[in-house]
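Please open the model in your viewer and keep a selection panel at hand.

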Amino acid sequence: MAFLNTVLEPPAYGWTDELGNLSKPTNKQIVKEFFKRLNVFSDKKNWLSFLSWSLVVALVPFLGLFIFKYFSITGLIVAFVYSMIIMGTHGTIWHHRYCTHGAYTFKNKFWRFFTQNLTLKIIPEEIYAVSHHVHHALSDQPGDPYNAQGGFMYCFLADVNHQPIARNMDEASYKKCVNLMKHTGVTTNTYKQYQKWGTLANPTRTIVGIILNWGFWFAAFYLLGGSALACAVFGSAGIWAVGVRTFNYEGHGKGKDMRRDGIDHNREDMSINQLWPGYVAGEWHNNHHLYPKSARSGFKPYQFDLAWCYIKMMSMLGAVSSYRDSKADFLKEYCSPISVVVPVAVLVADDAKVLVAAE
């Protein structure tokens with residue numbers, strides 16, 4: 001069986017039913033699996049999923065303070081821009097186009113670290129990147145960790161129920177898993193440590209990295225605008241962390257075929273291009289599924305791609321040493337004008353008819 005078919009830990013309800021079709025659990029089954037996989041007391045290998053949602057919960061008090069104590073229109077604008085645009089675009093730049101697809105390379109480790117920590121760290125790279133390889137390999141098929149045909153909750157809680165790596169890999173498979181992440185700079189566990197913790201990421205390094213990242217950004221925003229600004233930014237980051245978990249359900253047509261002729265050219269899966277995620281995060285999703293390794297996914301004139309703007313700017317500054325850009329291939333394949341050849345004889349005949357009519 002192919003490596004990507006087995007790299008993720010299957011849920012209790014499985015990927016397929018007895019007929020080999022997508023297993024569609026009830027919401028009750030999904031929620032039960034969610035809390036089971038968050039329980040670090042029953043199994044410490046649940047630590048990464050528990051940490052990921054603990055970070056979301058930790059941001060709730062900041063949101064409450066902003067709403068009930070520090071609320072202002074200026075703060076609301078800052079919160080909107082930070083959560084919808086900055087966090088969204090950074091997710092595309094870092095987790096999506098770099099960690100998963102390696103669509104571009106950094107000149108050195110400094111620029112990689114700089115880009116990695118441009119925003120608050122909330123989603124562990126491991127949870128996103130490994131499962132996203134599977135998503136592309138099995139898009140809208142059984143085994144796709146956020147298959148929209150499974151329903152909203154199936155996608156919304158996928159980071160806990162479907163995206164963690166398998167816990168019983170042999171050493172050879174684990175090395176393949178490590179290779180998927182080696183370019184990201186994330187320090188991975190040894191195989192023996194993996195057997196203990198069930199993850200690529202090391203708990204100590206991961207938690208210390210998050211504490212330093214949050215401490216730096218809280219201090220920075222506090223110095224810029226006091227508690228009001230810090231609470232607005234941290235609270236809005238929590239909103240993004242919840243909202244981003246709905247994207248793949250929406251981005252694959254809510255489990256229905258919502259592709260449009262002339263807009264969604266990829267017909268291998270149900271991904272669609274949407275204006276909102278396209279403009280605020282550079283996520284033109286159907287284009288991306290056509291050319292997943294491209295550092296740009298906004299190919300048409302109206303498809304503004306803010307993530308690509310950052311990558312291109314970093315390239316011009318020398319921080320990005322190389323990138324893939326599939327725009328020319330896309331335009332050649334899907335947007336070439338159709339040439340209409342009219343025989344010369346017909347044109348001459350038509351001119352003659354016009355002259356005769358004039359006489």
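The tour starts with confidence and overall layout and then turns to ring pairs.

This is a predicted model, in which local features need pLDDT of at least 70 and side-chain atom pairs count only at pLDDT 80 or more, while totals for chains, interfaces and linings use all residues. Residues are numbered from 1 along each chain as its sequence is written, and side-chain values use heavy atoms, with hydrogens and water left out.

Colour the chain by pLDDT, the predictor's confidence in each residue on a scale from 0 to 100: the average is 93, and 93% of the residues score at least 70. Now select residues 338–359, where the pLDDT is below 50 and where, beyond near neighbours in sequence, the model has one contact (heavy atoms within 4.5 Å).

Return to the whole protein and switch to a cartoon, which should be read with 17 helices and two strands in mind; these are DSSP runs numbered from the N terminus, with helices being H or I of at least four residues and strands E of at least two. Along the principal axes, the C-alpha atoms fill a box of roughly 95 × 55 × 40 Å. Buried residues make up 49% of the 359 residues, where buried means under 20% relative accessible area, exposed over 50% and partly exposed in between, with a 1.4 Å probe and protein chains only.

Next, show the rings of Phe, Tyr and Trp (its six-membered ring), which pair if their centres lie within 6.5 Å and count as stacked with planes under 30 degrees apart, edge-to-face over 60 and tilted for the rest. By this rule there are 31 aromatic pairs.

Select F34 and W53, an edge-to-face pair with 5.4 Å from centre to centre and 85° between the planes. This pair links distant parts of the chain, with F34 in helix 2 (residues 27–38) and W53 in helix 3 (residues 47–68), 19 residues apart. F34 counts as buried because its relative accessibility is 7%, and W53 counts as buried at 15%.

Move on to F152 and Y249, whose ring centres are 5.6 Å apart and whose planes stand at 85°, so this pair is edge-to-face. Here too distant parts of the chain are linked, F152 lying in helix 7 (residues 152–156) and Y249 in helix 12 (residues 247–251), 97 residues apart. F152 is partly exposed at 35% relative accessibility, whereas Y249 is buried, with a relative accessible area of 15%.

Finally, select F34, F35, W53, F152, F156 and Y249 together, since ring pairs link these residues into a cluster.
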